[in-house]
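Subject: Structure handover

Hello,

Here is the structure I said I would pass on. My notes on what was found in it follow below.

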Amino acid sequence: MKNIIRMLITLSFVGVVSGGGLALLSSWADPLIAANKKADTERAIFLVQTEADDYELVTDVPFELYRVFDETKNPVGYALPWEGNGFQGAIRIMVGLSQDLNTIKSIEIIDQTETPGLGTKILEDPFRGQFEGLNADPHVKWVKGAPATADNEVETITGATISAVAIVNIVNDGIETLRAAIAEGAGQ
Amino acid sequence: MELILIFLSAALVNNFVLAYFLGICPFVGVSNKLSSAVPMGLATTFVMVITAIVTWLIYHLILVPYEVEYLQYVSFILVIASLVQFVEMFVRKVSQPLYRALGIFLPLITTNCSILGLALFMVLKEYSFVEGIFYGVGAGAGFTLAITAMAGIREELELADVPKSFRGAPITMVVAGLLALAFMGFAGMITV
Amino acid sequence: MKKQLTLFNEYKKGIWDQNPVFKMLLGLCPVLAVTVSAMNGIAMALATTFVLTFSSFIISLIRKLVPTQVRIASYILIIATFVTVVDLVMRAQFPALSKELGPYIPLIVVNCLILGRQEAFSSKNNPLRSVVDALGMGTGFLIALASLGGIREILGSRTLLGLQVLPDMFEPWLVMILPAGAFLTLGVMLGFLNYLTLRNKRKTDEAQLAHHPELPIIDTSIRQG
């Protein structure tokens, strides 16, 4: 019996000290972690919207969306973080869109777990750069094995077709959802 | 459909052992005989499913409402350790044959990182309760598959003339590498 | 009673004689998972060493107060606490690195190296020796991760610590940065080290071995943990 009490006391003591210490530490770390996350999003927004000077979170849509403004506070478009499936896991990208949602300004891959050296070519400019100024009306198409001809076409990556097509699908899916939301009067 | 995809993805495409490197210790340590590899796989699967259920409840019913997510690791590992102990006692009481088959493997499971890994990935992927269970079953099935395949190969290897300095751990690692390559064939098939 | 090693030897044993990765095959999960590049390996090893050193110190301090039955539970609690500390600090101060190492930081909790050292060493030795032992093991772990990461980075992406070391005409071996490459590299390294040890052993005469009972006897069978 005495032993059980001693066991309980030891365990609860260790537990309380550890919990208390962590609570203190997390009250210091949490704001910093939140700031890091915000900085990440911010960096991606300014990368996909080059003339952006300011942005705000659009609150009346059921997903994350940012409206972007230039120096004179004119709205220049949207930055839309969107997620979908890649070759091995989720891919998260930031899509920069024009005000009328018909032109992609640029995209930036935020998170991915593609095969290093093959799928990760989606991060590199020969592929990613194709999205700069791409026509997204009605949607983006992909072509395989031949250079893109139309202004809404993207050439896939040799050896990483699935990853490349995944990006196109994520972009289309995001834009379509956003268009539907805007058509219902959101984001104004 | 979504649930089946989660299961297949955890079992094949993102196999815990061969793609995430979780549970390497038992994978290498208990894979020399089929007769011990299969029970080990089953015991791990069993604990994985229970862990998925319990840690999901703890995370969503205690940690999130009280905003103490930073206690995640501490609480998960404690729960897993006591859970394994509890399962061991329960199995011993309920079924002697089952205890004899799984018993000695249970204590080893506490330090099997695939269990904690499962709990953490489940939180990371924001699975719902049912999805979590399927994820647990899939991860367990994947582990069982990998360790069984490994044991089968190692039993055959006994007959092979492996260079002396490569016997044991080194050749096991090389075989695991080839298995990992083979499992890569599943990638792109399904993704969740 | 076993003769105590000098502090320096206590430190040194972790580097080679009892190297946690190459000799004891402990903590292989992070070894394989994060060694895509030398930098990741080094960061992981430093995080592990931090947790190992502090847990060893605390556990060694309270080793006489903890009842044996709840020993493991208390150790795990203490280890998990320090892992959370590392995780929070990393996410707050080094977000890029923490993204890279991802969920493998929390998995330090179940790194058998750490719990193993508490069981085998800190619970029986004074704080100073425990810290020295932890630092030694950490150094050994660092050497293993850095070398594995270095080899995989050089062959897999032509770079070392981010600097290009192989010419462009060298076609990178993609397999090295894939999971399969981790297993293959570690397997070949272990085999090579075994070969060296076996050769040395043949050269060393038996008498000398008898004088140094602490010299390791290579055991290629794998321990659980």
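In chain B of this predicted model, helices H3(B) and H8(B) pack with their axes 8 Å apart, at an angle of about 165 degrees. Since angles over 145 degrees count as roughly antiparallel, that makes H3(B) roughly antiparallel to H8(B). The crossing of these two helices, H3(B) and H8(B), is right-handed. Sorted by class, the residues in the contact of H3(B) with H8(B) are 20 nonpolar, ten polar and one charged.

H3(B), which covers residues 34-63, also packs on H4(B), residues 72-94. Here the angle is about 140 degrees and the axes are 10 Å apart. That makes H3(B) oblique to H4(B). H3(B) passes H4(B) in a right-handed crossing. On the H3(B) side, the contact is made by Val47(B), Ile50(B), Thr51(B), Val54(B), Thr55(B), Ile58(B) and Leu63(B). From H4(B), the residues taking part include Phe76(B), Val79(B), Ile80(B), Leu83(B) and Val87(B). By class, the contact of H3(B) with H4(B) has eleven nonpolar and four polar residues, and no charged ones.

Next, the contact between chains B and C. Chain B puts 38 residues into this contact and chain C puts in 39. On the side of chain B that touches chain C, the elements giving two or more residues are H2(B), H4(B), H7(B) and H9(B). Which of the elements gives the most to that side of chain B? H9(B) does, with ten residues. The residues on the side of chain B that touches chain C divide into 30 nonpolar, six polar and two charged.

One helix pair across these two chains can be described in detail. H9(B) packs against H8(C), residues 179-203, at an angle of about 165 degrees, and their axes are 7 Å apart. The two helices, H9(B) and H8(C), are therefore roughly antiparallel to each other. H9(B) passes H8(C) in a left-handed crossing. Among the residues of H9(B) that make the contact are Ile171(B), Met173(B), Val174(B), Gly177(B), Leu181(B) and Met184(B). H8(C) contributes residues including Phe183(C), Leu184(C), Leu186(C), Gly187(C), Leu190(C), Gly191(C) and Asn194(C). The contact of H9(B) with H8(C) has 15 nonpolar residues, four polar residues and no charged residues.

Chain A holds a sheet. Its six strands form an open sheet in the order E1-E2-E3-E4-E5-E6, with antiparallel pairing. The edge strands are E1(A), residues 54-57, and E6(A), residues 134-135, and each of them pairs on one side only.

Taking the pairs in turn, E3(A) (residues 75-85) and E4(A) (residues 90-98) are joined over nine bridges in the antiparallel sense. Asn85(A) stands opposite Ala90(A) of E4(A). E4(A) pairs in turn with E5(A), residues 103-111, over six bridges, also antiparallel. Ile93(A) stands opposite Ile109(A) of E5(A). E4(A) and E5(A) form a hairpin with four residues between them, and Leu101(A) in the turn has a positive phi of about 65 degrees. E5(A) is joined to E6(A) by two bridges, again running antiparallel. In that pair, Thr103(A) stands opposite Asn135(A) of E6(A).

Two helices lie across the sheet strands. H1(A), residues 2-48, lies across E1, E2, E3, E4 and E5 of chain A and runs at about 150 degrees to E5(A). H3(A), residues 161-183, lies across E3, E4 and E5 of chain A and runs at about 125 degrees to E3(A).

Finally, confidence. The model scores ipTM 0.81 and pTM 0.81. Chain B has a mean pLDDT of 84, with 94% of its residues at 70 or more. Among the elements of chain B, H8(B) has the highest mean pLDDT (92) and H6(B), residues 106-109, the lowest (72). For chain C the mean pLDDT is 81, and 89% of its residues reach 70 or more. Among the elements of chain C, the highest mean pLDDT (91) belongs to H3(C), residues 38-61, and the lowest (55) to H9(C), residues 206-211. Over residues 217-225 of chain C, pLDDT stays under 50. The model has 23 contacts beyond four places in sequence for residues 217-225 of chain C.

Regards

Terms used:
Residues numbered from 1 in each chain as written. Chains lettered and ligands numbered in written order. Predicted model: local features only at pLDDT ≥ 70, side-chain atom pairs only at ≥ 80, totals over all residues. Pairing = 2+ DSSP bridges. pLDDT = per-residue confidence, 0-100. Contact = placed C-beta atoms within 7 Å. Axes fitted to C-alpha atoms, helices over the stretch in contact; angles between N-to-C directions. Parallel < 35°, antiparallel > 145°, perpendicular 65-115°, else oblique. Left-handed = near helix turned anticlockwise from the far one by under 90°. Nonpolar A, V, L, I, M, F, W, Y, C, P; charged D, E, K, R; others polar.
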